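Hi there,

Here is the structure I promised to pass on to you. Please have a look at it first, and then read my notes below.

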Amino acid sequence: MTKTGVASRNWNLFNWYSFCMGLASLSALTIVVYIQDNMGWGWGLGIPTIAMLISIIVFVLGSPLYRSVKPNGSPIVRLAQVVVAAVKKRKEALPQDHKLLYQNWELDAAISSEGRLLHSHQFKCLDKAAIVTEEEGRDPNAAQDLWKLATVHRVEELKSIIRMLPIWASGILLIAASSSHNFVILQARTMDRHLFHTFQIPPASMSIFTVLTLMVGVVLYERLFVPFIRRFTKNPSGITTLQRMGVGFVVSIIATLVSAWVEIKRKKVAAKYHLLDSPSATIPMSVFWLVPQYCLHGVAEVFMVVGHLEFLYDQSPESMRSTAAALYCITTAIGNYVGTVMVSLVHKYSGKERNWLPDTNLNRGRLDCYFYLLSGIQVFNLIYFLICACFYTYKSLEEISQVNNLEDLEQDKQNISSVT
């Protein structure tokens with residue numbers, strides 16, 4: 001028997017992680033922004049500093065209660081060992097039966113407590129790292145050199161990382177597209193932001209609608225969507241991580257299109273009241289026209305961002321879960337850099353007289369064209385993701401009970417031998 005990942009046990013962890021992060025962002029976008037605007041930047045920076053100090057104290061006090069597992073070697077070194085061993089044995093012929101490849105339960109025990117990775121038929125060139133030569137078969141010491149001979153489990157660790165990378169890369173352009181949020185803040189500055197007669201919503205606080213949607217969305221996703229869809233899919237998680245990411249991509253495209261349509265509406269209102277050449281004037285159009293796109297971006301995060309993190313954690317080898325978290329952070333970093341490059345290129349090459357992203361007067365820009373460009377890029381990214389998802393193979397693990405039964409059988413044979 002096999003199992004594909006551990007999503008049934010871990011999937012809701014990422015929903016609640018996103019909920020907690022959303023709660024923190026909500027506090028920053030409301031309380032902290034209000035304090036900065038009304039009490040000054042000294043208090044606005046001082047209060048988060050105090051909060052961080054309290055969190056550090058709580059972390060230190062709670063550390064003894066955390067169950068930690070001692071590292072069993074560097075995963076990067078293990079991946080390098082597989083590559084080196086495969087290169088050294090590149091001229092060796094693979095056996096017809098993959099069961100003849102090198103297995104060592106004792107060696108892999110510390111990095112496969114949830115079960116060993118089963119052999120897959122992809123990237124067969126890497127399987128050569130697990131070929132047992134005649135010399136290694138005769139000399140047990142030779143078989144202990146991991147730079148010459150790797151176990152199937154270690155080979156499959158590298159295969160799992162390679163399979164994940166194309167799916168991982170699809171998240172970069174989604175992060176890059178989110179760079180448009182800065183321009184939405186500029187839009188909000190030109191619009192009527194009155195919530196009450198004497199109170200205006202700060203432009204930067206408009207992101208609370210994305211955060212609120214994310215927080216409400218993860219609860220509804222877990223409590224309503226998953227139990228409902230589970231009846232049809234028979235999947236404990238409702239839908240697979242790849243399906244969840246795909247939905248997020250589609251919603252993100254719709255959100256960007258809505259951003260373009262709202263910008264067209266905003267400029268029409270500005271033209272109607274002859275305000276196109278008055279960048280500091282307030283356009284008589286409610287800032288709440290921006291709320292639908294913020295909410296759609298929140299829904300996209302419920303599916304794509306949470307699903308992306310869940311996919312990386314679930315499909316990474318057991319001993320490389322921290323690597324999955326690092327990959328997610330790298331996605332965010334690269335995506336932000338790509339977004340910055342896109343803005344720079346559009347600003348440079350979209351013309352001087354009708355620049356899409358002008359420096360001073362947004363009303364004379366073509367921000368809607370920039371949103372359409374982002375939508376087109378995301379459509380190509382979605383097609384790329386669908387192709388990768390169609391060819392993706394989930395990792396397979398041995399059942400723990402199966403391994404335990406085999407170990408018990410081996411122990412019984414040893415006992416019988418000792419008696420006779």
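**What lines the cavity**

The largest cavity is lined by G171, L174, I175, M304, V305, H308, Y328 and T331. Here a cavity is a set of points, on a 1 Å grid over the protein atoms alone, where a 1.4 Å probe fits but cannot get out, and lining residues have an atom within 4 Å of a point. Three helices, α7 (152-177), α11 (291-315) and α12 (321-349), each give at least two residues to this lining. Helices are DSSP runs of H or I with at least four residues, numbered from the N terminus. The volume of the largest cavity is about 50 Å³, and the structure has 1 cavity of 30 Å³ or more. For these volumes, grid points are joined across faces, edges and corners, and the space filled by probe spheres set on the points is counted.

Before you go further, please keep in mind that this is a predicted model: local features need pLDDT of at least 70, side-chain atom pairs count only at pLDDT 80 or more, and totals for chains, interfaces and linings use all residues. Residues are numbered from 1 along each chain as its sequence is written, and side-chain values use heavy atoms, with hydrogens and water left out.

**Salt bridges**

How many salt bridges does a search of the whole structure find? There are 8, where a salt bridge is a side-chain nitrogen of Lys or Arg within 4 Å of a carboxyl oxygen of Asp or Glu. Let me walk you through some of them.

In one of them, the side chain of R154 meets that of D108, at 3.0 Å from N to O. This pair links distant parts of the chain, with R154 in helix α7 and D108 in helix α4 (residues 105-108), 46 residues apart. R154 counts as buried because its relative accessibility is 9%, and D108 counts as buried because its value is 0%. The cut-offs for these words are under 20% relative accessible area for buried, over 50% for exposed, and partly exposed in between (1.4 Å probe, protein chains only).

K159 and D127 also form a salt bridge, at 2.8 Å from N to O. K159 belongs to helix α7 and D127 to helix α5 (residues 124-127), so this pair ties together parts that are 32 residues apart in sequence. Both K159 and D127 are buried. The two are also part of a network of salt bridges that links D127, E156 and K159.

The side chains of R244 and E310 meet in another salt bridge, at 3.3 Å from N to O. Since R244 is in helix α10 (residues 241-272) and E310 in helix α11, the pair ties together parts that are 66 residues apart in sequence. R244 and E310 are buried as well.

**Helix α13 and the cysteines**

On the surface, V379, F380, I383, I387 and F391 form a nonpolar patch with about 550 Å² of accessible area together. Patch residues have over 30% relative accessible area and no salt bridge; like charges are joined within 9 Å, and nonpolar side chains (Val, Leu, Ile, Met, Phe, Trp, Tyr) within 5 Å. The areas come from the Shrake-Rupley method with a 1.4 Å probe, and for residues only the protein chains shown count as cover. F380 is part of helix α13 (residues 367-391), and is exposed because its relative accessible area is 63%.

C390 is in no disulfide, and the nearest cysteine sulfur, that of C388, is 9.3 Å away. Is C390 buried or exposed? C390 is exposed, because its relative accessible area is 67%. C369, on the other hand, counts as buried, at 15% relative accessibility.

F123, in the loop between α4 and α5, has a positive phi, near 50°, although F123 is a residue other than glycine. F123 is partly exposed, with a relative accessible area of 33%. K234, in the loop between α9 (208-233) and α10, also has a positive phi as a residue other than glycine, near 60°. K234 counts as exposed, at 67% relative accessibility.

Finally, V82 is in helix α3 (residues 75-88) and counts as buried, at 0% relative accessibility.

Best wishes

Note on methods. Disulfide = S-S within 2.5 Å. 1 Å grid on protein atoms, 1.4 Å probe; cavity = no way out; pocket = protein on both sides within 12 Å on 5 of 7 lines; lining within 4 Å.
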